[in-house]
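Have a look at the structure first, and then read my notes beside it.

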Amino acid sequence: MKRDFVVIDDFSNVEIMDILRTTFEIKNRNVPGFDFQGKRMLNLFFEPSTRTRLSFEMAMLQLGGEVSNVTGIESTSLSKGESLADMARVVSGYGYDFIVVRHPLEGAPQVVADNAWVPVINAGDGSHQHPTQTLVDLCTIRDCKGHLNNLRVGLAGDLCYGRTVHSLAIALARFGAETIFCIGPPELKMPEWVLEQLARLQTSVIQLESIEAVIDRLDVLYLTRVQKERLAATIDYEALQRAYSLNKEMLKKAKGDLLILHPLPRTDELPREVDNDPRAKYFPQSDNGVPVRMALISMLLGKMEQGQGRQQKTVIGDERCLNPRCVTLHEPYVKPEFNCLPNNLLSCFYCGHLLH
Ligand code: NCD
């Protein structure tokens, strides 16, 4: 059976730790004995990307494999009205060993995974999740702190439309974070579907609006940019950005071993004056992109094939998902499917949103 990596819950904690251990070995130049000669990766990037696409590409090249790239919906037959399902079925018949997909619609990589013969990796779907960035984030935290549990982590900025913080919050909760501080303006709050999952994992979550109010308590501060391209035109983007920016003065109050992370690209929330602070680790974090993805690819095409993947009970619903950016609303042949949660809650199998 093929394995996909579409959401962070597709991998167990044991599997994630295995990937982090393999990453450590790769970084110490003990590249695992996989033979990737003749293996081919297809990058399908339907949204802009620098880090994710290039680090996947370099990871595959370093493993000895080959890469094909498609960038932009307009360069494909999707722009002629082809369905995602047909495209996935067609390209997976061309001999690629796996597909990496980034798409603006939430749940789109799941549709590709459902229709492709080969493993599919989500490289970011709209505002939903970015599970491979989460592996990079966890790797950096573990490198710097030595562990992933009992941490006080501040996630700051655009918690609503930023996908990295969704998969990261879920992973941190699964690894036993002490407290997750969700720091952002009311307009950009952490979505309910993530908060519900954190509550189910019995994680202490504190929502607040100021970085300064908690900076002295944090072990990790993870900043994100306001996702201007996903915001309503009426929202004053610059004012939001100014309200959630870090500066040197604020860092005087922070712990000596605070870890400052950012998935990048940054805008004004993370000024260059912070770069020289020894606690700033966002460039080493970005450097981890290649070895983490090397580890992920080698394990997904290797011993992970035996694993189970997500164990969820889904029901086919008559209702449609209420998230306007969910793939099920844009690819009408996809049957709405929901995960059954405690308290009679249903969450969309594709984009995670709760059905109220
Ligand atoms: C992020 C993304 O694409 O979600 N970047 C990344 O992959 N490292 C963050 C962002 O665009 O703000």
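Here are my points, from the whole chain down to single residues.

1. Please keep in mind that this is a predicted model. Start with the overall fold. The secondary structure of the chain comes to twelve helices and twelve strands. The radius of gyration is 20 Å, close to the 21 Å that the globule rule gives for 356 residues, so the chain is as compact as a globular protein of that length. If you turn the model along its principal axes, the C-alpha trace spans about 55 × 50 × 40 Å.

2. Zoom in on the contacts next. An oxygen atom of the ligand is 2.8 Å from an N or O atom in the side chain of R163. For the side chain of R102, the distance from an N or O atom to a ligand oxygen is 3.2 Å. The backbone takes part as well: a polar backbone atom of L264 is 3.0 Å from a nitrogen atom of the ligand. How much of the ligand does the protein bury? Taken alone, the ligand exposes 320 Å², and the protein buries 93% of that.

3. Stay with L264 for a moment, for its peptide bond deserves a look. L264 and P265 are joined by a cis peptide bond, with omega at about 10°.

4. Finally, look at N343. Is its phi positive or negative? The phi of N343 is positive, about 60°, although this residue is not a glycine. N343 lies in the loop between strand 11 (337–341) and strand 12 (345–348).

5. Why point out these last two features? Most residues other than glycine have a negative phi, and most peptide bonds are trans. With that in mind, go back to the cis bond between L264 and P265 and to the positive phi of N343, and find each of them in the model.

Definitions and conventions:
Residues numbered from 1 in each chain as written. Predicted model: local features only at pLDDT ≥ 70, side-chain atom pairs only at ≥ 80, totals over all residues. Heavy atoms only, no water. Polar contact = N/O pair within 3.5 Å; in protein donor to acceptor, adjacent residues only side chain to side chain. Areas by Shrake-Rupley, 256 points an atom, 1.4 Å probe, with all protein chains shown as cover. Helix = DSSP H or I, 4+ residues; strand = E, 2+ residues; numbered from the N terminus. Rg over C-alpha atoms; globule rule 2.2 N^0.38 Å.
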